[in-house]
Amino acid sequence: MRRQYLHLSAYSCHECAGPVIAGSIAVRENEISKETDKREVGAICLSCGNRPNKATETGLIHDFPPTLWESAKPSGAICRTNV
């Protein structure tokens, strides 16, 4: 059974030192397979709104465990992908 997993990480913003939250989505074909089709969702600083493309080299990155993400989009719903 094909399942999507949400990956989140947090690190400090290089502009204001506020928290940056970054996310990605990956797919597993079954419970024992490796993740494939990994897509970066993006990152944003919660304090200043900066959108860094990667963590600063000297900063500590906090990676959170992957979470099963079941899409429950109602029919007719619009998904905003390029915000």
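A search of the whole structure finds zero disulfides, a disulfide being a pair of cysteine sulfur atoms within 2.5 Å. The structure is a predicted model, in which local features need pLDDT of at least 70 and side-chain atom pairs count only at pLDDT 80 or more, while totals for chains, interfaces and linings use all residues. Residues are numbered from 1 along each chain as its sequence is written, and side-chain values use heavy atoms, with hydrogens and water left out. The protein has five strands and zero helices.

**Overall architecture**

- The order of elements from the N terminus is β-β-β-β-β; helices (H or I, at least four residues) and strands (E, at least two) are DSSP runs, numbered from the N terminus.
- Of the 83 residues in the protein, 24% are buried. Buried means under 20% relative accessible area, exposed means over 50%, and partly exposed lies in between (1.4 Å probe, protein chains only).
- Among contacts with a separation of 6 or more, 50% involve residues 24 or more positions apart, where contact means heavy atoms within 4.5 Å.
- The protein exposes about 6600 Å², and carbon and sulfur atoms supply 53% of this area. Accessible areas come from the Shrake-Rupley method with a 1.4 Å probe; for residues, only the protein chains shown count as cover.

**Cysteines**

- The sulfur of Cys-16 has its closest cysteine sulfur in Cys-45, at 3.6 Å, which is too far for a bond.
- Cys-16 counts as partly exposed because its relative accessibility is 38%.
- For Cys-48, the closest cysteine sulfur is that of Cys-16, and the distance of 3.7 Å is again too far for a bond.
- Cys-48 is likewise partly exposed, at 41% relative accessibility.

**Nonpolar core and buried positions**

- The largest nonpolar core has seven residues: Tyr-11, Cys-13, Val-20, Ala-22, Ala-43, Cys-45 and Ala-55. Strands β2 and β3 each supply at least two residues of this core.
- A nonpolar core is defined as a set of buried Ala, Val, Leu, Ile, Met, Phe, Trp, Tyr and Cys residues joined through side-chain atoms within 4.5 Å.
- Not counting residues up to four places away in sequence, Val-20 touches Ser-9, Ala-10, Tyr-11, Ser-12, Cys-13, Ala-43, Ile-44, Cys-45 and Pro-52.
- Ser-24 is placed in strand β2 and is buried, its relative accessible area being 4%.
- Leaving aside neighbours within four places in sequence, Ser-24 is in contact with Tyr-5, Leu-6, His-7, Lys-38, Arg-39, Glu-40 and Val-41.

**Salt bridges**

- The count comes to three salt bridges, each requiring a side-chain nitrogen of Lys or Arg within 4 Å of a carboxyl oxygen of Asp or Glu.
- Glu-29 and Arg-2 meet through their side chains in a salt bridge (2.9 Å, N to O). This pair links distant parts of the chain, 27 residues apart: Glu-29 is in the loop between β2 (19–28) and β3 (36–45), and Arg-2 is in the segment before β1.
- Asp-37 and Arg-2 form a salt bridge as well (3.9 Å, N to O). Because Asp-37 lies in strand β3 and Arg-2 in the segment before β1, the pair ties together parts that are 35 residues apart in sequence.
- Glu-35 is partly exposed, with a relative accessible area of 28%, and Arg-28 is partly exposed, with 23%.

**Nonpolar surface patch**

- Leu-8, Ile-21, Leu-46 and Phe-64 make a nonpolar surface patch of about 360 Å².
- Patches are made of residues with over 30% relative accessible area and no salt bridge; like charges are joined within 9 Å, and nonpolar side chains (Val, Leu, Ile, Met, Phe, Trp, Tyr) within 5 Å.
- Leu-8, one of the patch residues, lies in strand β1 (residues 3–12) and counts as partly exposed at 36% relative accessibility.
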